[in-house]
Structure formats: structure tokens, C-alpha cells
Amino acid sequence: ATAAPDDVMEGYFAVLAIKGEETKRFIVGLDYLNDPAFLRLLDQAREEYGFRQKEALALPCCPQELQKILDAPKS
């Protein structure tokens with residue numbers, strides 16, 4: 001098993017929002033795995049990249065789109 005980078009604490013994981021040449025890395029809490037908008041991005045990532053991604057999970061969206069999801073109030 002590979003150790004997580006130092007900036008990824010327990011209960012979090014790293015993702016990359018990638019759209020064209022624009023890429024930004026985010027550290028996301030595991031609780032977002034229940035968020036419908038984030039789950040849609042995961043479905044898009046599965047369709048575009050499959051299940052063989054290594055290290056940070058790549059999401060096919062612009063960084064601003066992911067930031068909106070992370071900034072939205074949780075229900």
C-alpha cells in the first residue's frame with residue numbers, strides 16, 4: 001500500500017479537477033462521498049477515465065465547478 005501525501009489527513013482524499021489545460025488539486029472530506037453533486041462527478045470520472053486511476057482521483061470538471069460543490073451548504 002502507498003502512504004497518502006502529508007497534506008491528506010485521515011478522513012480525507014485528494015482529487016484533481018481537470019478541464020482542458022486547467023488543473024487544481026483539492027483535499028476532500030469522505031463525507032462528500034454522500035453528496036449527490038460530487039457523486040455525479042464521480043460517475044463522469046468513471047465514464048471518462050475508468051477505474052484504473054492512480055494516486056489522486058481525477059474529476060473531469062473545471063476547478064470552479066468542484067469549488068462550488070465544496071462551498072455549498074450541506075443538507
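The legends below describe close-up views of a predicted model. In this model, local features need pLDDT of at least 70 and side-chain atom pairs count only at pLDDT 80 or more, while totals for chains, interfaces and linings use all residues. Residues are numbered from 1 along each chain as its sequence is written, and side-chain values use heavy atoms, with hydrogens and water left out.

**View A. The hairpin of strands S1 and S2**. S1 covers residues 12-19 and S2 covers residues 22-29; strands (E, at least two residues) and helices (H or I, at least four) are DSSP runs, numbered from the N terminus. The two strands run antiparallel and are joined by 8 bridges, where pairing requires that DSSP finds at least two bridges between the strands. Alanine 17 has lysine 24 in S2 as its bridge partner. The hairpin has 2 residues between its strands, and glycine 20 takes a positive phi near 65 degrees.

**View B. The salt bridge between arginine 25 and aspartate 7**. A search of the whole structure finds 1 salt bridge, defined as a side-chain nitrogen of Lys or Arg within 4 Å of a carboxyl oxygen of Asp or Glu. The closest N and O atoms of arginine 25 and aspartate 7 are 2.6 Å apart. The pair links distant parts of the chain, with arginine 25 in strand S2 and aspartate 7 in the segment before S1, 18 residues apart. Arginine 25 is partly exposed at 37% relative accessibility, and aspartate 7 is partly exposed at 42%. Here buried means under 20% relative accessible area, exposed over 50%, and partly exposed in between (1.4 Å probe, protein chains only).

**View C. A nonpolar surface patch of Met9, Tyr12 and Ile27**. Together these three residues have about 290 Å² of accessible area, computed by the Shrake-Rupley method with a 1.4 Å probe; for residues, only the protein chains shown count as cover. Patches are made of residues with over 30% relative accessible area and no salt bridge, with nonpolar side chains (Val, Leu, Ile, Met, Phe, Trp, Tyr) joined within 5 Å and like charges within 9 Å. Methionine 9 lies in the segment before S1 and is exposed, with a relative accessible area of 55%.

**View D. Helix H1, residues 36-49**. This helix has 14 residues and reaches 20 Å from its first C-alpha to its last, close to the 20 Å expected at 1.5 Å a residue; the expected span is 1.5 Å times one less than the number of residues. Phe38, Leu41 and Ala45 of H1 are buried. Down the axis of H1, its buried residues fall within an arc of 55 degrees, so they line one face of the helix. The arc is that of the directions from the helix axis to the C-beta atoms. Exposed residues Pro36, Arg40 and Glu47 are carried on the face of H1 turned away from its buried side.

**View E. Helix H2, residues 63-71**. Pro63, Leu66, Ile69 and Leu70 are buried in H2. The buried residues of H2 fall within an arc of 125 degrees as seen down its axis, so they line one face of the helix. Lys68 and Asp71 are exposed on the face turned away from the buried side of H2.

**View F. Aspartate 31 and leucine 33 in the loop between S2 and H1**. Aspartate 31 is partly exposed, with a relative accessible area of 43%. From C-alpha to C-alpha, aspartate 31 is 9.9 Å from lysine 74, and the two are 43 residues apart in sequence. Leucine 33 is partly exposed at 37% relative accessible area.
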